[in-house]
Amino acid sequence: MTAQRRGISKTPESSAIEKKIKRGNAQRQASSWRGHVITLLLLTGVTGLVSWMYFTWTDDLTHTLASRSEILTQPRVFTVECSEDYKKYKLFPGCTPTKCGRAISDSCVTLEEAQKLRRLAERGLSLAGSDGGASILDLHSGALSMGKQFVNIYRDVRSRIQKAIADTFGLDSKQMYLTKPTFFSRINSTSAKTTHDEYWHPHIDKETYGSFDYTSLLYLSDYGLEFGGGRFVFMDPSSNRTVEPRAGRVSFFSSGSENLHHVEKVTWGTRYAITVSFTCDPDYAIDNPSLP
């Protein structure tokens with residue numbers, strides 16, 4: 001998820017991206033049609049056929065990479081072929097993605113740490129926020145007033161996430177740099193008031209910001225318990241692949257168009273998360289938050 005959304009510019013990869021988005025729309029339409037068919041079959045009592053059709057079509061349309069109800073004792077890693085995006089930027093051997101993919105871990109951050117960060121997010125976002133359902137708090141501006149508690153937790157969590165990314169993708173962690181924007185996000189079901197509130201559009205982090213090489217999200221609330229909708233969705237050519245948020249769960253991925261994604265609209269409750277991003281280019285590096 002990113003702080004702002006902009007349209008995907010026309011690049012050599014644009015047509016492929018547009019095809020992915022169109023395919024996702026077609027899948028959603030098929031899902032709606034499937035629901036009508038299942039209802040009709042239920043009314044006629046064909047329950048065995050309904051079960052077979054439902055699970056077959058569900059697997060074709062959406063695959064859940066990690067559900068909220070499970071606890072991953074080991075990181076779950078999915079490799080994908082790297083896109084050509086990175087060739088348009090300066091290359092940094094030992095850091096620029098050559099092994100791409102996405103991963104989910106429930107062991108980087110403890111539940112207690114996630115709960116403390118959630119309380120800090122609630123405090124900071126209570127002072128201001130969007131009227132349109134999606135609010136952010138930049139961790140290198142507004143979060144500084146949160147003081148020593150935030151700084152200490154954030155440094156530890158950021159270091160562990162950075163190490164997990166480096167270990168997963170075979171990188172030298174010393175060549176990875178924190179970059180901006182890095183932020184708390186709060187999303188609820190309030191209708192969007194501006195285009196910046198429309199967080200659900202498909203996008204590519206590398207195209208949106210340029211500096212991003214690796215993106216991570218630390219979830220601070222639980223899908224299905226504290227909010228509905230709001231799953232993170234990778235839009236692959238054959239199907240959508242989702243991550244169900246769980247407090248303390250970290251999802252991270254290479255930031256190019258191999259990981260086109262969006263966040264589902266939140267239908268009820270409030271979804272909290274932190275986005276922490278890394279670059280290979282020292283010119284885009286930023287420091288950890290520090291006390292004034």
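1. The side chains of Ser-257 and Ser-83 are joined by a polar contact of 3.5 Å, where a polar contact is a pair of N or O atoms within 3.5 Å, one of which, within protein, must be able to donate a hydrogen and the other to accept it, with residues adjacent in sequence counted only if both atoms are side-chain atoms. Ser-257 sits in the loop between E10 and E11, and its relative accessible area of 7% makes it buried, a class that means under 20% relative accessible area, with exposed over 50% and partly exposed in between (1.4 Å probe, protein chains only).

2. On the basis of these values, the model is a predicted one, in which local features need pLDDT of at least 70 and side-chain atom pairs count only at pLDDT 80 or more, whereas totals for chains, interfaces and linings use all residues. Residues are numbered from 1 along each chain as its sequence is written, and side-chain values use heavy atoms, leaving out hydrogens and water.

3. Asn-259 belongs to the loop between strand E10 (250-254) and strand E11 (261-263), strands (E, at least two residues) and helices (H or I, at least four) being DSSP runs numbered from the N terminus. Asn-259 counts as buried because its relative accessibility is 1%, and a polar atom of its side chain lies 3.1 Å from the backbone oxygen of Gly-101. Leaving aside residues up to four places away in sequence, Asn-259 touches Val-80, Gly-101, Arg-102, His-203, Phe-234, Phe-253 and Ser-254, contact meaning heavy atoms within 4.5 Å.

4. From strand E8 (residues 232-235), Phe-232 and Phe-234 point one way and Val-233 and Met-235 the other, and all are buried. In a regular strand the side chains alternate between the two faces of the sheet. E8 pairs with strand E9 (residues 240-243) in the antiparallel sense over 4 bridges, pairing requiring that DSSP find at least two bridges between the strands; a hairpin of 4 residues joins them, and Val-233 stands opposite Thr-242. E8 and E11 also run antiparallel, joined by 3 bridges, with Val-263 as the bridge partner of Phe-232.

5. The largest nonpolar core has 36 residues, and Leu-117, Ile-165 and Phe-184 have the most contacts inside it; such a core is a set of buried Ala, Val, Leu, Ile, Met, Phe, Trp, Tyr and Cys residues joined through side-chain atoms within 4.5 Å. Among the elements that give two or more residues to this core are helix H3 (111-126) and helix H4 (148-169), and H4 gives the most, with 10 residues. Apart from it lies another core, of 17 residues, which includes Val-243 and Phe-253.
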